[in-house]
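Dear colleague,

Please find the structure we discussed handed over below, together with its sequence. My notes on it come after.

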Amino acid sequence: MEPVNTDVSAESDRPAAAVDGGTGTGEDTSAATLGLIQLAVEELWPESLAEDWDEVGLVAGHPTAEVHRVMFAVDPTIDVIEEAIDFGAELLITHHPLLLKGVTSVAANTAKGKAVHRLIESGTALLTVHTNGDSAVGGVSDVLADALGLQNVAPLTPAANGLPEEGIGRVGDLEEVLTLGDFAARVYGILPSVAGGVRVSGDRDGLIRRVAVCGGAGDSLFGEVRASNADVYVTADLRHHPASEAREAAVNDRPYLIDVSHFASEWLWLPAAAEALGNVLTDQGHDVEIRVSTTNSDPWDFILTPG
């Protein structure tokens, strides 16, 4: 499936004449500021849940600026930024950071600098929700687990500063036993279409019920996956050596491995995140139009396979 726009606008029931809240000043008291949206984001995806190495939060933008339109995306690429600008978004919220590693220049003739200049010059703020969005309740792996029909879900690695149900990765059980081939087909069916498809390691006819998942790159969690007694592990960016070593360390060939696109595994979270933020802002009486990016920022364009 292709990335599909999800508009979860927070619309007011008030007549247009009452948009100034009855102050008579003409000021739109229903408008949200960037600072207010930061507080809503913190309520949903606390920065305290972010990993120590991560860089999350506000990257560009003035907290007092009014925000009427927000766009969610996986990556802050130039194409995504241009889509946000065309939409008229005053705020772009991305899962991946723009400035995760240190830079010595944001000159406009560099890729990072061009993005920063385009954001500032267009008046588009950028806010990052990364590993805090992975760990939080309703986060990336929760959405992936729910889409796969898992029950009795728990974190693979509980959060150090969160609730018992928060942390990196998830593990749970299917309602019924499936073959690895049928389950892999389910994984393929829920994800946006990308060039890399879905790679599977294991017996196509092997039976599975307990499933571990980690949206994004999860090859650092093999120890936790084995400890969870998962029959199969669904994650992204599995490199040759960690995958090979995991197969060598498998017990009764388990856990089987399913390797998916990093972008695709995290895109699933965007509609849920947009809806969650929209609900918070609606409850606070703010009219904000929220949209999910339709730009496919997966870096691969095509793949060649045997036969």
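Predicted model: local features only at pLDDT ≥ 70, side-chain atom pairs only at ≥ 80, totals over all residues.

Residues are numbered from 1 along each chain as its sequence is written, and side-chain values use heavy atoms, with hydrogens and water left out.

Four of the five residues of E4 are buried, buried being under 20% relative accessible area, exposed over 50% and partly exposed in between, with a 1.4 Å probe and protein chains only. E4 runs parallel to strand E13 (residues 289–292), to which four bridges join it, and it also pairs in the parallel sense with strand E5 (residues 91–94), again over four bridges; two strands count as paired if DSSP finds at least two bridges between them. Phe72 has Val292 as its bridge partner in E13, whereas Val70 has Leu91 in E5.

The whole structure holds eight salt bridges, each defined as a side-chain nitrogen of Lys or Arg within 4 Å of a carboxyl oxygen of Asp or Glu. One of them joins Arg69 and Glu289 at 3.1 Å, N to O; because Arg69 lies in E4 and Glu289 in E13, the pair ties together parts that are 220 residues apart in sequence. Arg69 is partly exposed, at 32% relative accessibility, and a network of salt bridges links Arg69, Glu289 and Arg291.

Another salt bridge is that of Asp259 with Arg199, whose closest N and O atoms are 2.5 Å apart. This pair links strand E12 (residues 256–260), which holds Asp259, to strand E9, which holds Arg199, across 60 residues. Asp259 is buried, with a relative accessible area of 10%, while Arg199 is partly exposed at 49%.

In the loop between helix H10 (269–283) and E13 lies His286, which is buried, with a relative accessible area of 10%.

Finally, Asp203 is found in the loop between strand E9 (199–201) and strand E10 (207–217), and Asp203 is partly exposed, with a relative accessible area of 43%.

With best regards

Notes: Helix = DSSP H or I, 4+ residues; strand = E, 2+ residues; numbered from the N terminus.
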